[in-house]
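Please read it alongside the structure.

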Amino acid sequence: MKLHQLAEQTGAKTIQLIAITKALEFADLPSPHGGTPMTPERAQQIVAVFRFMRSRQIVEPQSAIAQMQMADATATEEIAVCLRASVADELCRRYPDGSMSDRILRLLGALQSFEQLHAPRQPSQ
C-alpha cells in the first residue's frame, strides 16, 4: 500500500493524507509524497482519521486525533449509523429529549409494544 493509492481509495488528496501522517507522528516514512510504502495497519489508522475528519468536518488532523482519543477513552462500543435528515427530524420531533441513541431506543420500545399488542393470537395446543 502506498500513500497515493490510499488517496485514490479514500477520495482524499495526498496532501491531506500527508498532514494526517505528520499528525500521527509517522516520522519514519522515507518520503511522504505519494510513493511511500506503508503497512496495512498504518493505512487503516490514516483512513480512520480521515473518515473521522470528513464525517465531523474537522480541518485540523491534530484536533481530530485528540477528539478520537478522547472518544475512545470515554465511549463504550459505538457504531456509526447514517440516517436520512427527514428520519432524524422525525425522531427529534417525536422524542425531543435525549441523544439520538435514546430516541432510537424509545422508538424500538414503542415498536415492540405495538408488536406485542397486535401479534396474531396463536391458539394454545
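The model is predicted.

**Overall fold**

- The chain has six helices and zero strands.
- Of its 125 residues, 26% count as buried.
- Among contacts in the chain with a separation of 6 or more, 40% come from residues 24 or more positions apart.

**Nonpolar core**

- In soluble globular proteins, nonpolar side chains tend to be buried together.
- The largest nonpolar core of this chain holds 23 residues, and those touching the most other members are Leu6, Leu17, Ile20, Leu24, Ile46 and Val49.
- Two or more residues of this core come from each of α1 (3–10), α2 (14–23), α3 (40–56) and α4 (61–74).
- The most is given by α3, with seven residues.
- Once neighbours within four places in sequence are left aside, Leu6 is in contact with Met1, Leu17, Met38, Ala43, Ile46 and Val47.

**Packing of α1 with α3**

- Two packed helices are described by the angle between their axes and the distance between the axes.
- For α1 and α3 the angle is about 40 degrees, and the axes are 11 Å apart.
- The crossing of α1 past α3 is right-handed.
- On the α1 side the contact is made by Leu3, Leu6 and Thr10, and on the α3 side by Ala43, Ile46, Val47, Phe50 and Arg54.
- By class, this contact of α1 with α3 has six nonpolar residues, one polar and one charged.

**Packing of α1 with α2**

- The angle between α1 and α2 is about 115 degrees, with the axes 9 Å apart.
- These two helices, α1 and α2, are therefore roughly perpendicular to each other.
- Here too the crossing is described as right-handed, with α1 passing α2.
- From α1 the contact draws on Leu3, His4, Leu6, Ala7 and Thr10, and from α2 on Thr14, Leu17, Ile18 and Thr21.
- The residues of the contact of α1 with α2 comprise five nonpolar, four polar and no charged.

**Loop residues with positive phi**

- Most residues other than glycine have a negative phi.
- Glu25, in the loop between α2 and α3, has a phi near 60 degrees, which is a positive value in a residue other than glycine.
- With a relative accessible area of 68%, Glu25 is exposed, because the cut-off for exposed is over 50%.
- Gln57 lies in the loop between α3 and α4, and its phi is near 55 degrees, again a positive value in a residue other than glycine.
- Gln57 has a relative accessible area of 72% and so is exposed.

- Lys22 lies in helix α2.
- Its relative accessibility is 60%, so Lys22 counts as exposed.
- How far apart are Lys22 and Pro61 in sequence and in space? They are separated by 39 residues in sequence and by 8.8 Å in space, C-alpha to C-alpha.

Definitions and conventions: Residues are numbered from 1 along each chain as its sequence is written. This is a predicted model: local features need pLDDT of at least 70, side-chain atom pairs count only at pLDDT 80 or more; totals for chains, interfaces and linings use all residues. Side-chain values use heavy atoms; hydrogens and water are left out. A nonpolar core is a set of buried Ala, Val, Leu, Ile, Met, Phe, Trp, Tyr and Cys residues joined through side-chain atoms within 4.5 Å. Buried means under 20% relative accessible area, exposed over 50%, partly exposed in between (1.4 Å probe, protein chains only). Helices (H or I, at least four residues) and strands (E, at least two) are DSSP runs, numbered from the N terminus. Contact means heavy atoms within 4.5 Å. Axes are lines fitted to C-alpha atoms, for helices over the stretch in contact, and angles run from 0 to 180 degrees between N-to-C directions. A crossing is left-handed if the near helix is turned anticlockwise from the far one by less than a right angle, and right-handed if clockwise. Ala, Val, Leu, Ile, Met, Phe, Trp, Tyr, Cys and Pro count as nonpolar, Asp, Glu, Lys and Arg as charged, and the others, Gly among them, as polar. Angles under 35 degrees count as roughly parallel, over 145 as roughly antiparallel, 65 to 115 as roughly perpendicular and the rest as oblique.
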